[in-house]
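Hi everyone, thanks for coming. Please bring up the sequence and the structure on your screens, and we'll walk through them together.

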2 protein chains.
Amino acid sequence: MLTDERHAIILSLLNDAGIVKTQELMRVLDCSESTIRRDLDQLEKANKLKRVHGGAKRLYQLNQELSTQEKSLKNIQEKTNIGKFAASLIENDDVIFIDAGTTTLALIDSLKKGNITVVTNGIQHASILAEHHIQTILLGGKIKASTKAIVGSTSLNELKSYQFDKAFIGINGIDIEFGCTTPDPEEAAIKKLAIHQSAVSYCLADETKWNKVNFVKVCDLQDVTILTNKSRVDLTSFKEKTTIMGATS
Amino acid sequence: MLTDERHAIILSLLNDAGIVKTQELMRVLDCSESTIRRDLDQLEKANKLKRVHGGAKRLYQLNQELSTQEKSLKNIQEKTNIGKFAASLIENDDVIFIDAGTTTLALIDSLKKGNITVVTNGIQHASILAEHHIQTILLGGKIKASTKAIVGSTSLNELKSYQFDKAFIGINGIDIEFGCTTPDPEEAAIKKLAIHQSAVSYCLADETKWNKVNFVKVCDLQDVTILTNKSRVDLTSFKEKTTIMGATS
DNA sequence: GACGTTATGATTGTTTTTGACTGATATTGA
DNA sequence: TCAATATCAGTCAAAAACAATCATAACGTC
């Protein structure tokens with residue numbers, strides 16, 4: 001096998017894997033350790049790769065760590081659709097509340113720039129909103145480690161002094177009998193109060209939330225407008241008690 | 001498996017989880033404890049992570065957070081040292097205030113687990129603290145987009161109701177005549193009040209802050225203890241007006 | 001075929017990496 | 001608090017990978 005041929009193969013392998021081992025190359029190229037070593041030497045001098053003990057690696061790590069979100073693509077898609085629909089409900093000069101949670105995060109991604117004021121209890125939400133130069137007020141108080149949501153009496157007191165045009169609430173369970181429920185009492189208190197302080201309230205709920213019941217009740221179905229992906233759930237039984245607005249699928 | 005390969009996997013795991021355990025890495029990478037320990041050592045020296053008892057934790061993303069002029073390794077090293085020293089001042093059962101800013105971020109990286117309560121106006125600070133399961137209270141209020149700090153009347157009112165054992169303040173300028181100064185009036189108000197509400201206050205200041213004057217005065221030099229890297233600055237002229245504690249270099 | 005050039009594989013001794021072991025230090029649970 | 005346990009840093013020898021050298025093989029040119 002020609003030298004150039006081997007070099008091409010080595011670079012191609014590197015491009016795929018990001019890292020190659022000497023032993024591996026000996027097998028693939030069927031030649032001695034010395035030859036591989038010489039090849040790597042030359043390629044390094046030509047600035048084509050970086051030698052490391054045991055093999056070589058690419059010069060520039062292209063695939064900078066993408067955090068492996070374990071969420072299924074379908075679920076992301078659905079959340080995005082609901083978020084997009086929710087964002088379309090927001091008008092200029094609105095003062096809105098955005099609850100912590102992943103579904104409401106999707107809403108933020110779809111938010112258009114405009115003269116709105118957002119109050120939220122989600123740390124990540126606030127951070128992203130501020131980056132987008134949207135006027136943002138974060139509630140103060142204890143941080144719940146698992147969800148990075150602000151909860152507790154301080155935040156409730158603060159919340160009492162605000163009045164919202166619209167509130168967007170994330171919810172964990174929707175049931176025709178037990179209404180909207182969520183597992184954490186402190187988060188439930190925030191949701192409850194936010195709904196109370198708002199002229200109109202929307203609950204964002206993807207497919208996975210329907211016909212589930214959680215520990216603490218937040219509100220009855222008739223207290224809010226449910227935003228969902230209507231094609232996915234049979235809603236006939238909910239119709240009488242609920243106002244449902246479907247997100248585009 | 002190659003060293004670089006292991007390092008990449010460790011960093012990737014860290015990026016996802018925020019924290020990795022030695023035992024877990026031994027299983028995943030199929031190698032001995034010694035090897036993992038060496039890997040973590042090297043990655044810590046390269047400022048890629050922070051070792052903790054039992055494993056390692058993620059460092060705040062310095063490259064993203066620091067402005068280009070602050071990115072030099074020396075500067076990071078110095079911030080780390082000051083942060084380490086500041087962390088050593090914290091005792092069990094303390095209630096402390098941590099100001100927003102990059103120097104105080106370094107303090108958080110060195111915080112040991114323990115029964116402490118932290119109040120902060122830095123969104124990122126709060127987020128990291130919560131991840132490490134440290135009892136955290138975030139001040140509520142407007143978000144200043146550029147520094148991701150909470151400011152404004154709401155936060156000041158909230159702050160008034162707290163009393164701290166220690167306050168750790170970031171500062172932009174230290175001058176023998178004009179004292180501690182910072183560019184933003186709203187952030188200055190927070191710093192001022194935090195110092196007032198605390199039994200003891202420390203100003204964290206790396207080399208770049210000395211003999212600089214900014215727009216708004218926060219306090220006189222005698223009101224606080226300056227934490228710095230004493231070898232780097234000629235402090236003789238400051239001695240009479242200032243309490244200075246040097247960080248280990 | 002003789003000759004110089006280049007590529008290859010084997011061999012050498014050196015350096016790096018690794019896992020096991022040691023006693024020291026930190027954490028945990030009673 | 002104390003003792004039990006887990007994790008730590010440091011040392012060591014074995015194993016793997018290394019650079020350097022040499023002799024042989026392949027190639028092209030005359």
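Let's begin with one term: a polar contact is a pair of N or O atoms within 3.5 Å; within protein, one must be able to donate a hydrogen and the other to accept it, and residues adjacent in sequence count only if both atoms are side-chain atoms. Now some housekeeping. This is a predicted model, where local features need pLDDT of at least 70, side-chain atom pairs count only at pLDDT 80 or more, and totals for chains, interfaces and linings use all residues. Residues are numbered from 1 along each chain as its sequence is written, chains are lettered from A and ligands numbered from 1 in the order in which they are written, and side-chain values use heavy atoms, leaving out hydrogens and water.

Let's go to DNA strand C. In Arg6(A), an N or O atom of the side chain is 2.8 Å from a phosphate oxygen of DNA strand C. Ser34(A) reaches a base: a polar side-chain atom of Ser34(A) is 3.1 Å from a base nitrogen of DNA strand C.

Which residues come nearest to DNA strand C? Out of 18 residues around it, they are Arg6(A), Thr35(A), Arg6(B), Thr35(B) and Arg38(B). Near, by the way, means that one heavy atom of the residue lies within 4 Å of the molecule or strand. Among the atoms of DNA strand C within 4 Å of the protein, 60% are sugar or phosphate atoms and the rest belong to bases.

Helices H1 (3-17) and H3 (33-45) of chain A, and H1 (3-17) and H3 (33-45) of chain B, each give at least two residues to this surface near DNA strand C. Helices here are DSSP runs of H or I with at least four residues, strands are runs of E with at least two, and both are numbered from the N terminus. By type, the surface near DNA strand C has four nonpolar, ten polar and four charged residues. In that count, Ala, Val, Leu, Ile, Met, Phe, Trp, Tyr, Cys and Pro are nonpolar, Asp, Glu, Lys and Arg are charged, and the others, Gly among them, are polar.

Now, DNA strand D. Arg37(B) has a polar side-chain atom 2.6 Å from a phosphate oxygen of DNA strand D, while Gly54(B) has a polar backbone atom 2.6 Å from a phosphate oxygen of DNA strand D. The elements giving two or more residues to this surface are helix H2 (22-29), H3 and strand S2 (50-52) of chain A, along with helix H2 (22-29), H3 and S2 of chain B. The residues near DNA strand D are two nonpolar, ten polar and six charged.

Asp93(A) is not a glycine, yet its phi is positive, near 70°. Asp93(A) sits in the loop between helix H4 (73-88) and strand S4 (95-98) of chain A. Asn47(B), also not a glycine, has a positive phi near 60°, and sits in the loop between H3 and strand S2 (49-52) of chain B.

Are these two buried or exposed? Asp93(A) counts as exposed because its relative accessibility is 52%, whereas Asn47(B) counts as buried, at 13%. The cut-offs are under 20% relative accessible area for buried, over 50% for exposed, and partly exposed in between, with a 1.4 Å probe and protein chains only.
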